[in-house]
Amino acid sequence: MLGLVFGFPVLLILWVVGYFDTGSPLFRQQRVGRNKKPFTLVKFRTMKKGTASVASHLASADAITPFGRFLRRTKLDELPQLWNVLKGEMSLVGPRPCLFNQEELIAEREQRGALEARPGITGLAQVNDIDMSTPKLLAETDAKMLASLNISAYFKYIFMTVFGKGSGDRVPGKD
């Protein structure tokens, strides 16, 4: 809640710039939530409207707008997810929510109990540049994080993300 209140001026500026960049600054997408329950993830749009709904590592680099590249590098595209956190669909720290068509990742996470946790904006995998292109490694890292997650680690992952650790969602060819 505090993040949304204090971040509102930044959110507003990014929304306006995003409006001029794509005409539709917010992006909504069905994702896999806790216990495989679907929820609608909200992010700032980084790709041109009409781009295929695939995982970032499968997306075309040409689909990313120049402003979108900036948002991804700075991780500012993630800020609207604070709304998902406020609604209880996500946590600040947890496994990144995947798409329902990422069946291999879902199976790997299910096998390791990672889908029993709320998905998060950041986590151990993100600060170590592990993305969804390596489903088994990602699921193993998510499970390792959840098994050892305590209040200290929770805030450590948040601070590491805010201060630039990890590269954000990568798209081959441009990042």
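Visitor: Exposed means over 50% relative accessible area, and buried means under 20%. With that set, which residues of α4 are exposed?

Guide: This is a predicted model, to begin with. In α4, Glu-103, Glu-104 and Gln-111 are exposed.

Visitor: And which ones are buried in that helix?

Guide: Helix α4 spans residues 103-112. Leu-105, Ile-106, Glu-108 and Arg-109 are its buried residues. Viewed down the axis of α4, the buried residues fall within an arc of 165 degrees, so they line one face of the helix. The exposed residues sit on the other side of α4.

Visitor: Why would a helix sort its residues like that?

Guide: An α-helix has 3.6 residues a turn, so residues three or four places apart point the same way.

Visitor: What covers the buried residues of α4?

Guide: The cover includes β1 (26-32) and α6 (135-148).

Visitor: What follows α4?

Guide: Gly-113 does. Its phi is positive, near 80 degrees.

Visitor: Let's look at α6. Which salt bridge does Arg-109 make?

Guide: The side chain of Arg-109 meets that of Asp-142, at 2.8 Å from N to O. Asp-142 belongs to helix α6 and Arg-109 to helix α4, so far as the chain goes 33 residues apart. Both partners are buried.

Visitor: What about Arg-112?

Guide: Arg-112 forms a salt bridge with Glu-140, at 3.5 Å from N to O. Glu-140 counts as partly exposed, because its relative accessibility is 35%. Arg-112 is partly exposed too, at 25%.

Visitor: How many salt bridges are there in total?

Guide: The count comes to eight. One of them joins the side chains of Asp-77 and Lys-43, at 3.4 Å from N to O. Asp-77 lies in the loop between α2 and α3, while Lys-43 is in strand β2. They are 34 residues apart. Asp-77 and Lys-43 are buried.

Visitor: Tell me about Glu-78. Buried or exposed?

Guide: Glu-78 is buried, because its relative accessible area is 10% and the cut-off for buried is under 20%. Glu-78 is in the loop between α2 (66-74) and α3 (81-86). Its side chain makes a polar contact with the side chain of Arg-96, at 3.2 Å.

Visitor: How far is Glu-78 from Phe-44?

Guide: In space, 6.8 Å, C-alpha to C-alpha. In sequence, 34 residues.

Visitor: New topic. How do β1 and β2 pair?

Guide: In the antiparallel sense, over seven bridges. Strand β2 covers residues 38-44. Arg-31 stands opposite Phe-39 in β2.

Visitor: What is in the hairpin between them?

Guide: Five residues lie between the strands. In this hairpin, Asn-35 takes a positive phi near 55 degrees.

Visitor: What makes up the largest nonpolar core?

Guide: It has 10 residues in all, including Val-32, Cys-98, Leu-105, Ile-106, Leu-115 and Leu-138. Helices α4 and α6 each supply at least two residues of this core.

Visitor: What does Val-32 touch?

Guide: Leaving out residues up to four places away in sequence, its contacts include Lys-37, Phe-39, Cys-98, Phe-100, Ile-106, Leu-115 and Pro-119.

Visitor: One more. Where is Thr-22?

Guide: Thr-22 is in helix α1, residues 2-22. Thr-22 is buried, with a relative accessible area of 16%. A polar atom of its side chain lies 3.1 Å from the backbone oxygen of Ser-24.

How values were computed: Residues numbered from 1 in each chain as written. Predicted model: local features only at pLDDT ≥ 70, side-chain atom pairs only at ≥ 80, totals over all residues. Heavy atoms only, no water. Buried < 20%, exposed > 50% of the residue type's maximum accessible area, 1.4 Å probe, protein only. Helix = DSSP H or I, 4+ residues; strand = E, 2+ residues; numbered from the N terminus. Arc of directions from axis to C-beta. Contact = heavy atoms within 4.5 Å. Pairing = 2+ DSSP bridges. Polar contact = N/O pair within 3.5 Å; in protein donor to acceptor, adjacent residues only side chain to side chain. Core = buried A, V, L, I, M, F, W, Y, C linked by side-chain atoms within 4.5 Å. Salt bridge = Lys/Arg side-chain N within 4 Å of Asp/Glu carboxyl O.
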